[in-house]
Amino acid sequence: MRDLSGKVAFITGGASGIGLGMAKAFSRAGMKVVVVDFRDDHLAAAEETLARGGAEFHLVKLDVVGRAAWSRAADEAERVFSRIHVLCNNAGVGVLTPHRPGHLGGRGLVAGGQSRRRHQWCHHCSAANSCARAM
Ligand SMILES: NC(=O)c1ccc[n+]([C@@H]2O[C@H](COP(=O)([O-])OP(=O)(O)OC[C@H]3O[C@@H](n4cnc5c(N)ncnc54)[C@H](O)[C@@H]3O)[C@@H](O)[C@H]2O)c1
């Protein structure tokens, strides 16, 4: 993906730390960001930071271990921004927390470097930043 302008990134754990850093960087590059997190205090702080920076963003409260909620979050993100171009599976992804295959009801989200179609969600396991490839 060369032209980032107007593209949409969905970032789990995006309300603080590395995830928020990605949200700010993507936003500065002209992307819209969906920031997903399970902590209200982090979401509130991220809202303030992103708004101050002039970002176009949407916040979703989601605990990424709950599979059912993924589907709702993806639907919500699509409703707001129509499409999702980049998925950053950042929340809780670490070498100490092994992955199991997840599922986005119809939208594939698969651990282990595999991917399935619809939005071409991509999961990079155990990478420090675990930022999905731009499709
Ligand atoms: N910071 C490092 O040095 C480092 C090193 C190696 C790997 N990592 C990995 O990079 C990723 C980001 O690191 P970080 O230090 O910014 O993380 P962090 O601990 O600051 O968390 C980032 C955000 O993720 C949210 N979060 C955590 N679990 C969640 C869940 N189940 N559902 C939704 N949101 C959740 C937190 O509320 C937080 O806002 C993590 O997966 C981490 O394992 C970080």
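Me: What share of the 135 residues of the protein chain counts as buried, and what makes a residue buried?

Reply: Of the 135 residues of the protein chain, 36% count as buried, a residue being buried if 20 or more other C-beta atoms lie within 10 Å of its own, exposed if 12 or fewer, and partly exposed in between, with C-beta atoms placed from the backbone. The model is a predicted one, in which local features need pLDDT of at least 70 and side-chain atom pairs count only at pLDDT 80 or more, while totals for chains, interfaces and linings use all residues. Residues are numbered from 1 along each chain as its sequence is written.

Me: Why is Ser-82 called exposed?

Reply: Ser-82 has 9 other C-beta atoms within 10 Å, and the limit for an exposed residue is 12 or fewer, so Ser-82 counts as exposed. Ser-82 sits in the loop between H3 and S4, and its phi is near 75°, a positive value in a residue other than glycine.

Me: What makes S1 a strand that is mostly covered?

Reply: In S1, 5 of its 5 residues are buried. Val-8, Phe-10 and Thr-12 point one way from the strand, whereas Ala-9 and Ile-11 point the other way, and all are buried.

Me: How do you know that S1 pairs with S2 and with S4?

Reply: Two strands pair if DSSP finds at least two bridges between them; 5 bridges join S1 to S2 and 3 bridges join S1 to S4, so both cases meet the requirement. S1 runs parallel to S2 and also parallel to S4. Ile-11 stands opposite Val-35 in S2, and Ala-9 stands opposite Val-86 in S4.

Me: What is the order of the 4 strands in the open sheet, and which are its edge strands?

Reply: The order is S3-S2-S1-S4, with parallel pairing. S3 and S4 are the edge strands, because each pairs on one side only. Neighbouring strands are turned by 15° against each other on average, direction ignored, where axes are lines fitted to C-alpha atoms, for helices over the stretch in contact, and angles run from 0 to 180 degrees between N-to-C directions. H2 packs on this sheet, touching S2 and S3, and its direction makes about 180° with that of S3.

Me: Why is the unit of S1, H1 and S2 called right-handed?

Reply: S1, H1 and S2 make a right-handed β-α-β unit; the term applies if, with the strands pointing away from the viewer, the path from the first strand over the helix to the second runs clockwise.

Me: What makes a nonpolar core, and how many residues has the largest one?

Reply: A nonpolar core is a set of buried Ala, Val, Leu, Ile, Met, Phe, Trp, Tyr and Cys residues joined through C-beta atoms within 7 Å. The largest has 27 residues, and among those with the most contacts inside it are Phe-10, Ile-11 and Val-35. Its largest share, 5 residues, comes from H3.

Key: Helices (H or I, at least four residues) and strands (E, at least two) are DSSP runs, numbered from the N terminus. Two residues are in contact if their C-beta atoms, placed from the backbone, lie within 7 Å.
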